[in-house]
Amino acid sequence: LLIRFGLPVPTGVTPQAWSMLSIFVATISGIVTEPLPAPGVALCGLTLGVLTGTLTFAQGMASFTDEVIWLVVLAFFFARGFAKTGLGDR
């Protein structure tokens, strides 16, 4: 919020880009300080971007349609499942 409302928008930067920067910095700060788990902070950042009109719903959800993201997420799920159940142990 300090970036968005406390500092003037630089010349050549659109107000939408300035808002996106402030949401990005707030999201990264939240992930580092962990007031919520990282996925919760990221979801809050996405929701804030859509609710403030900085992003359209389609732009916000575009990352969830990429197959590579789902491949990485599923790999983590399988790895956690193998470690938790002991299926990966010999």
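Predicted model: local features only at pLDDT ≥ 70, side-chain atom pairs only at ≥ 80, totals over all residues.
Helix α2 comprises residues 15–33. Serine 19 is found in this helix and has a relative accessibility of 9%. Because buried residues are those under 20% relative accessible area, serine 19 is classed as buried. When residues up to four places away in sequence are set aside, serine 19 touches Arg4 and Thr54. Isoleucine 31 also lies in helix α2, but its relative accessibility is 31%, and it therefore counts as partly exposed. Isoleucine 31 is one of the members of a nonpolar patch on the surface. The patch is formed by Leu21, Phe24, Val25, Ile28, Ile31 and Val32, which together have about 490 Å² of accessible area.

The loop between α2 and α3 contains glutamate 34. This residue is exposed, with a relative accessible area of 60%. Glutamate 34 has a positive phi of about 55°, although it is not a glycine.

Helix α3 spans residues 38–51. At 1.5 Å a residue, its 14 residues should span 20 Å, and the end C-alpha atoms are 20 Å apart, in agreement with that expectation. Within α3, the buried residues are Val41, Gly45, Leu46 and Gly49. Seen down the helix axis, the buried residues of α3 fall within an arc of 140°, so they line one face of the helix. In general, an α-helix has 3.6 residues a turn, so residues three or four places apart point the same way. The buried residues of α3 pack against α2 and against α4, which covers residues 57–61. On the other side of α3, Pro39, Leu43 and Leu51 are exposed.

Leucine 48 is a further residue of helix α3. With a relative accessible area of 43%, leucine 48 is partly exposed, because that class lies between the cut-offs of 20% for buried and 50% for exposed residues. Leucine 48 and threonine 27 are 21 residues apart along the chain, and their C-alpha atoms are separated by 9.9 Å.

Notes:
Residues numbered from 1 in each chain as written. Heavy atoms only, no water. Helix = DSSP H or I, 4+ residues; strand = E, 2+ residues; numbered from the N terminus. Buried < 20%, exposed > 50% of the residue type's maximum accessible area, 1.4 Å probe, protein only. Contact = heavy atoms within 4.5 Å. Patch = residues over 30% accessible without salt bridge, like charges linked within 9 Å, V, L, I, M, F, W, Y side chains within 5 Å. Areas by Shrake-Rupley, 256 points an atom, 1.4 Å probe, with all protein chains shown as cover. Salt bridge = Lys/Arg side-chain N within 4 Å of Asp/Glu carboxyl O. Expected span 1.5 Å × (residues − 1). Arc of directions from axis to C-beta.
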